[in-house]
Amino acid sequence: MATGTGKTITALGGAANLQKLNLIVIGAPTNEIVQQWIKELRVRTTFHPPIVAVGRSEEWREELFRKLWLLKHKRYPIEKLPIIIVGNYGELSKYTVAQLFEDVGGLPKNSLFIGDEVHTTGAKTYQRLLREDFNYRLGLSATPIRKYDEEGTELVLEYFGGIVYEFLLEKAIAVGILCEYEYHVYVAELSDDEYDDFKELTAKIGRLLNSKDEEEHEQGKRLAIRRANILKSASSKLSVLDSIIRKHPPRKAMVYCADIEQATEASRLLTHQGFRAARYSSDDVNRKGLLSEFASGRLDALVAVKCLDEGVDIPETDLAIILASDSSERQFVQRRGRILRASAGKSFATLVDVLVVPPSTESAQSVLKSEVRRFAEFANSARNRMVAVNRLIHKLEPYGISHSDLL
């Protein structure tokens, strides 16, 4: 289901309609998403409060073991069922949790596992959570395919029984669950030095990825990440951001950056221009407070690296500026989804994207390939689709890009 179309509510509706459930385990990739599940459980269901699997693990594990032991020995009050535990994948997939279930004699009959952003469970670190004794399983994702991990993708799809329901973005916009959006594109040019580094890495990557030697293949992947970072961190992007905020002044905006350094510089630029902006990253400990400030309107913009990619729900947000994005479809689809939630007084949202071009038309395809793919995805559902295409084509025609590439 497209980001913002109600995966959480759908899952809770499904759980509430299952008869005689004894246990519900809800996993999510981040603590912020865990807190949103706790809120939705409280507001939308009559279930008893969940055990929260974050923080000091011995505390919540003791509570979980005690309840499961009582249930096993038919001493747990039926009216308090199902037992619910909500936690992040890092906690729930630990060996100690698996051992706890074994110590209590396995999962109780009629146990449900709900995996939010379920593609995450395909990572080897979290696969322990995919137990065969969950007789009910529900995976939620806007983008279930794990890029560059066919094995992990197949494991997830097989465990959850494949894709059983889809609710796509275009339909969500058509029925009014998500709002329409306009798409505006700005172009940033690599410097000569950045382009030289890009070309040098491209030559090495081609050789290494075609090698049958496993170590060389892995080295090629690492160099591909370095090459991608050149595009994401292009030095000209900050001056482009200055142009963007003059045309699209942020009031309820999320700005996505390549790394902490770029986010810091972007925050300073916004503040210097008179906007109330704050960096929102793994280095910032008061993320919950920053979200509260943003939601209340005391901040005009949150400048993030990756922390806003999944599960942050602030429907009033109406502007996203993608200063940097990797080639992952999941990432840029989720970033778009953050601004499409419908809200009172919000007629449409605005998505501003920065595409990177080389300083010359020579061998431009290697730079533009992922950039053009992202443009085509974003423009396809935008209400100003053809305007966006026609504006960009004039800038990209010298690089050999045609209308058909952008549609």
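Is Arg 246 buried or exposed? Arg 246 is exposed, with a relative accessible area of 59%; in this briefing, buried means under 20% relative accessible area, exposed means over 50%, and partly exposed lies in between (1.4 Å probe, protein chains only). The model is predicted: local features need pLDDT of at least 70, side-chain atom pairs count only at pLDDT 80 or more, and totals for chains, interfaces and linings use all residues. Residues are numbered from 1 along each chain as its sequence is written, and side-chain values use heavy atoms, with hydrogens and water left out.

**Salt bridges**

- Side chains of opposite charge can pair when their charged atoms come close.
- The structure holds 21 salt bridges, a salt bridge being a side-chain nitrogen of Lys or Arg within 4 Å of a carboxyl oxygen of Asp or Glu.
- One of these joins Arg 131 to Glu 102, with the closest N and O atoms 3.0 Å apart.
- Arg 131 lies in the loop between strand 4 (111-115) and strand 5 (136-139), while Glu 102 belongs to helix 5 (residues 95-103), so this pair ties together parts that are 29 residues apart in sequence. Helices (H or I, at least four residues) and strands (E, at least two) are DSSP runs, numbered from the N terminus.
- The two partners are described by their accessibility: Arg 131 is buried, at 12% relative accessible area, whereas Glu 102 is partly exposed, at 46%.
- Asp 242 and Arg 246 also meet in a salt bridge, at 3.2 Å from N to O. Both residues lie in helix 10 (residues 237-247), four residues apart, which is about one turn of the helix.
- A further salt bridge connects Glu 377 with Arg 336, whose closest N and O atoms are 3.0 Å apart. This pair links distant parts of the chain, with Glu 377 in helix 14 (residues 365-380) and Arg 336 in helix 13 (residues 329-337), 41 residues apart.
- Glu 377 is partly exposed, with a relative accessible area of 25%, and Arg 336 counts as buried at 4% relative accessibility.
- Salt bridges that share partners join Glu 102, Arg 131 and Asp 133 into one network.

**Aromatic pairs**

- The structure holds six aromatic pairs. Rings of Phe, Tyr and Trp (its six-membered ring) pair if their centres lie within 6.5 Å; planes under 30 degrees apart count as stacked, over 60 as edge-to-face and the rest as tilted.
- The rings of Phe 113 and Phe 134 have centres 5.3 Å apart and planes at 35°, so the pair is tilted.
- Phe 113 lies in strand 4 and Phe 134 in the loop between strand 4 and strand 5, so the pair ties together parts that are 21 residues apart in sequence. Both Phe 113 and Phe 134 are buried.
- Phe 113 also pairs with Phe 160, the ring centres being 6.1 Å apart and the planes at 35°, so this pair is tilted.
- Phe 160 lies in the loop between helix 6 (150-159) and helix 7 (169-174), so its pairing with Phe 113 in strand 4 ties together parts that are 47 residues apart in sequence.
- Phe 113 has a relative accessible area of 0%, and Phe 160 counts as buried at 12%.
- Phe 113, Phe 134, Tyr 159 and Phe 160 form one aromatic cluster.

**Charges over rings**

- A charge sits over a ring if NZ of Lys or CZ of Arg is within 6 Å of the ring centre and within 35 degrees of the ring normal.
- Arg 287 lies over the face of Tyr 280, at 5.9 Å from the ring centre.
- Arg 383 lies over the face of Phe 348, at 3.9 Å from the ring centre.
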